Amino acid sequence: MVTENGMTPRPSLRIERATPAAVAAEGLARRFGRRWVLRGIDLTVEAGQIVALTGRNGSGKTTLLRLVASVLRPTRGTVSVFGFDTRREGAEVRPLVGLLGHSAGLYDDLTAGENLVFAQRMAGRRADGALISAVLDRVGLAPFEFERVRGFSAGMRRRLGLARLLLRPPRLLLLDEPYASFDEDGIDVVNAFATEIRAQGGAVLLSTHDLSRAALVLDRRLHIVDGQIVESSELRGPTLAGGRA
Amino acid sequence: MNAELTRIGAIVWKDLTAERRTKANFNAVVFLAGLILLLFGFAIGTEQASMQPIAGGVIWLTVLFSGTLSFNRSYEQELENGALEMLLLYPGDRRSLFVGKLLANLLFVLLVEVVMLPTAALLYNLPIWTFLAPLSVVLLLGTIGFVTLGTFYAAMASRLRAREVMLPLLLFPMLVPLLVGAVQATGGILNGDIMGSTWWWVRFLFVFDVIFFVAALFAFEYVIED
């Protein structure tokens, strides 16, 4: 549970497999060109936790989320998700993870509904029209099911990205600035989804500049400066209200 | 296996649906192909005697130059809204992404050829209708090899900054053996030599396709990750 760099006890592989943490990173580092964006992150997120990453722009929050999601390869160190190494066991990691990034990863020339049909089929399932309608309704996009995404606002795109995650709720939910572009209703949907994942024994790792939005749901906060975790604090949601990163 | 087929089908459906709605890529590629054929005509002359011996080369260079445009576009739409990252996050075998992209690109380039070939026949007075069946086999085999390498190198170039420039620089040298084989086979057929050396080149194209398809399939995961 201790998360500062160099202070995390390193359990053996056998113990990790028996009681795997949702996220376990050891000495995680990533370089882009000559610039080290992450400089040796030791991190543990237990199942049943919602953890916020805070820090200034460029501190490495997004890179950390992408490494955990297995869409980036670490330059050094390791990261595992529920006991599966993201580098060697990516195929096992991917079904467990859902990511809502800065860009929602949608196709402009498909309709909202078609984007979700594509997501279902890419998950290896048949398209389920009733489920698609239900998740679009939950994120407030039901009236736009048959409209092309090209005309959507930034907030609508984020909602549709969230709807895609609702189709197949992951065990580990990764949210990059989840409150950006959302109105109050959207923020409520995000927080409700995060608490559902936690209640089901999953975990949520989110990056944010605005802790007040996440205040009611957070369990822990990790502060990143220049690619290193410099502060870890246990939180109990309501006491944080109004606080900022 | 069924899940992987579903994924492959999803990518083909998505790419072709997006293309059908915009037609931007298809129109541009067909226009470029027509333009290249015309320019060759101006440069070489359209008399049958001067054109027939090099018709195979003209056809395949036109396919190469115009088809390369479509490969860039194929990954551009994945990069536009961060969709490539989402694609990489879906469960299942990432080789399905490659096969799906390959099939979508193959259908696209074959469709371009359906328009381009009669245009070439018209411009250069080529006897394509007489040799349609063997010519189709060579076109299909050559296009499969071309699209396999094009899809693979476009995935690699999608991770690079100057991807539009890098794709031809990476792709064209690798296509030299395919180009030689396809040009020889096409030229042989158009000159009426179907059973001679042409058959050897057809078998060469088949072997090329198999080798590079298998190699690209297994290397794809390493080039598509960041």
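Guide: Begin with burial: of the 226 residues of chain B, 46% count as buried. A residue is buried if 20 or more other C-beta atoms lie within 10 Å of its own, exposed if 12 or fewer, and partly exposed in between, with C-beta atoms placed from the backbone. The model is predicted: local features need pLDDT of at least 70 and side-chain atom pairs count only at pLDDT 80 or more, while totals for chains, interfaces and linings use all residues. Residues are numbered from 1 along each chain as its sequence is written, and chains are lettered from A and ligands numbered from 1 in the order in which they are written.

Visitor: How many helices and strands does chain B have?

Guide: Helices (H or I, at least four residues) and strands (E, at least two) are DSSP runs, numbered from the N terminus. Chain B has 9 helices and 0 strands, so its pattern along the sequence reads α-α-α-α-α-α-α-α-α.

Visitor: What radius of gyration does chain B have, and what would a compact globule have?

Guide: The radius is taken over C-alpha atoms, and the globule rule is 2.2 Å times the number of residues to the power 0.38. For 226 residues a compact globule would have a radius of gyration near 17 Å, and the 18 Å of chain B agrees with that. The C-alpha trace of chain B spans about 55 × 35 × 30 Å along its principal axes.

Visitor: How is a pair of packed helices described?

Guide: By the angle between their axes and the distance between the axes. Axes are lines fitted to C-alpha atoms, for helices over the stretch in contact, and angles run from 0 to 180 degrees between N-to-C directions. In chain B, helix H4 (residues 55-80) and helix H8 (residues 163-190) pack at about 150 degrees, with axes 8 Å apart. H4(B) is therefore roughly antiparallel to H8(B) (under 35 degrees is roughly parallel, over 145 roughly antiparallel, 65 to 115 roughly perpendicular, the rest oblique). Their crossing is right-handed; a crossing is left-handed if the near helix is turned anticlockwise from the far one by less than a right angle, and right-handed if clockwise.

Visitor: Which classes do the residues of the contact of H4(B) with H8(B) divide into?

Guide: They divide into 13 nonpolar, 6 polar and 2 charged. Ala, Val, Leu, Ile, Met, Phe, Trp, Tyr, Cys and Pro count as nonpolar, Asp, Glu, Lys and Arg as charged, and the others, Gly among them, as polar.

Visitor: At what angle do H7(B) and H8(B) cross?

Guide: At roughly 165 degrees, with the axes coming within 9 Å. H7(B) and H8(B) are therefore roughly antiparallel to each other. This contact has 19 nonpolar, 4 polar and 1 charged residues.

Visitor: How many residues does each chain give to the contact between A and B?

Guide: Two residues are in contact if their C-beta atoms, placed from the backbone, lie within 7 Å. Chain A gives 23 residues and chain B gives 23. The largest share of the side of chain A, 3 residues, comes from H4(A).

Visitor: Where is A:Tyr107, and what does this residue touch?

Guide: A:Tyr107 is in the loop between S6 and H4 of chain A. With 22 C-beta neighbours inside 10 Å, A:Tyr107 counts as buried. Not counting residues up to four places away in sequence, A:Tyr107 touches A:Asn115, A:Val149, B:Lys14, B:Ala18, B:Gln77 and B:Ala83.
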